[in-house]
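Work through the exercises below with the sequence and the model in view. Each task is followed by a solution in steps.

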Amino acid sequence: MRKTKALSGAAQDAYFRRAFKTHSNMVAAEREQLLRSLKREIAQLRLRLEPLPREAVTPKPAAAVDGPEETSAPQAAASSTSFDPFSLNVVVIVRTLGRAAALAALAAIDREEDLRLLAREQRLSVGPDVVSLAQLRAAIVSAAERRVANRMAAAS
Amino acid sequence: MTRFLAVSNRKGGVGKSTISVMLAHAAAAWGRQRVLLMDLDTQCNASLMLLGGEGWEKASRSGQTIADYFYDRFDNVAGDESVYIVNNVGDVAHPRTAPGRVSLLPGSQQLEDVQGELYLKQSKKDLHADAVALLVRSRMKRLMRHFGMDYDLVILDCPPGLSFAAHAALDMADQIVVPFRPDFVSQFALDRVALLIERVENAQQLASIPFAERRYACLPNCLTGAGHERLLIEQIALDHPLMTTRLPVLDSIARAFDWDERKKTMEQKYAEALAHLRKLHTEVFAGTQRRSKSA
């Protein structure tokens, strides 16, 4: 039995557009920018005909590194058994796709403790006064931008 | 034609000497090359790994060090440089390798003093400071190149920091391996050594040089498998050519350099690190071949 179907072209665009509309905290301009990026970079996606149950979805590490096996972060276990704070590399997304794409990527994380765990593990400084999820995501991306600027300044 | 391969990073403790020695063994044993390792680091770790403490002390007493070579031959480049070399060093005896394939120009704790003295000597010629520095570097490059005729591969184990000798080595190397530990400050160290190698002034100028045209490649070393290491390697890969080889923290690498006079095979010496060394050797050597073809 077929478990997935391939989407490309207009169908793929429509899927992304529908998916992003569910994130009300993303402003329209950011959403459009991200959609343009995805259109350029993704040729085809495969959609599950029957989505996995929510608790079964475990983020996969962004890229494999040839070397020793990944060790699990102790904080990750304490916070959430399924969340991998290294599942997306915020600095790399900011560098390659920009702020909007980083915010969109973080939009998939909807628990404050997971966002704070990601910030801590990726050494992206976020103040304790940040309260809402949207503010937290913005603070993480800003910290990644500061990290990039800091490094560029040192290499000049 | 002799290839000059530098192993360099301005940051200390990243594994420069260990990797220099591993590559020397691999090139001799597997590449069947005549290899000279030039120890430019005043810590002399590569020399200690290949000669042991007593052997290095004996070489120092008999004037067989790089400091002696630079000092004696600075004004007289032409001459028999082989008297400064210690042949058949290390404890690897590969079945297919004749003994003596790895030779060493031992390091010296006096190298920094000697460089200062040579600089002052040249300063008496009423030259501008920059011109004097250039002269010292150029002469050191000539002295290093002098070994080109006798070896297939010269490995330059560079010191951390920037001495005249380190500058000269980076200037003349055909290929540069830059080992790094994936930690926060390593990014800055890589950026800086890359500017120096490619002779540019800032990150924007560096970015305009395609990876394929750069003389260096970065080698992730001492990996523990922590998640933040992977993130950092991904970040570094945006700005610098990265080797596909990854060297994990392994007891067998650390133990391989406990001084032991008994000769052993590569398999006995490197044990579980052997597969990593094979990959490193293949990648470095393939890179060298590609570069020489394009040249």
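**Exercise 1.** Give the strand order of the open sheet in chain B and find the strands at its edges.

*Solution.* In this predicted model, six strands of chain B make up an open sheet. Reading across, the order is S3-S2-S4-S1-S5-S6, with parallel pairing. Next, look at the ends of that order: S3 (102-105) and S6 (216-220) of chain B each have a single partner strand, so one side of each lacks a neighbour in the sheet.

**Exercise 2.** State how many bridges join S1 to S4 in chain B, and name the partner of B:Arg3 in S4(B).

*Solution.* Take S1 (residues 3-7) and S4 (residues 153-157) of chain B: they run parallel and are joined by five bridges. Within S4(B), B:Arg3 has B:Leu153 as its bridge partner.

**Exercise 3.** Describe the largest nonpolar core, then the contacts of B:Leu37.

*Solution.* The largest nonpolar core has 87 residues, and B:Leu37 and B:Ile155 are among those that touch the most other members. Helix H1 (residues 16-29) of chain B gives the most to this core, nine residues. Beyond its neighbours within four places in sequence, B:Leu37 contacts residues including B:Ser20, B:Val21, B:Ala24, B:Leu104 and B:Ile155. A second, separate core of 21 residues includes A:Val90 and A:Leu115.

How values were computed:
Residues are numbered from 1 along each chain as its sequence is written. Chains are lettered from A and ligands numbered from 1 in the order in which they are written. This is a predicted model: local features need pLDDT of at least 70, side-chain atom pairs count only at pLDDT 80 or more; totals for chains, interfaces and linings use all residues. A nonpolar core is a set of buried Ala, Val, Leu, Ile, Met, Phe, Trp, Tyr and Cys residues joined through C-beta atoms within 7 Å. A residue is buried if 20 or more other C-beta atoms lie within 10 Å of its own, exposed if 12 or fewer, and partly exposed in between; C-beta atoms are placed from the backbone. Helices (H or I, at least four residues) and strands (E, at least two) are DSSP runs, numbered from the N terminus. Two residues are in contact if their C-beta atoms, placed from the backbone, lie within 7 Å. Two strands pair if DSSP finds at least two bridges between them.
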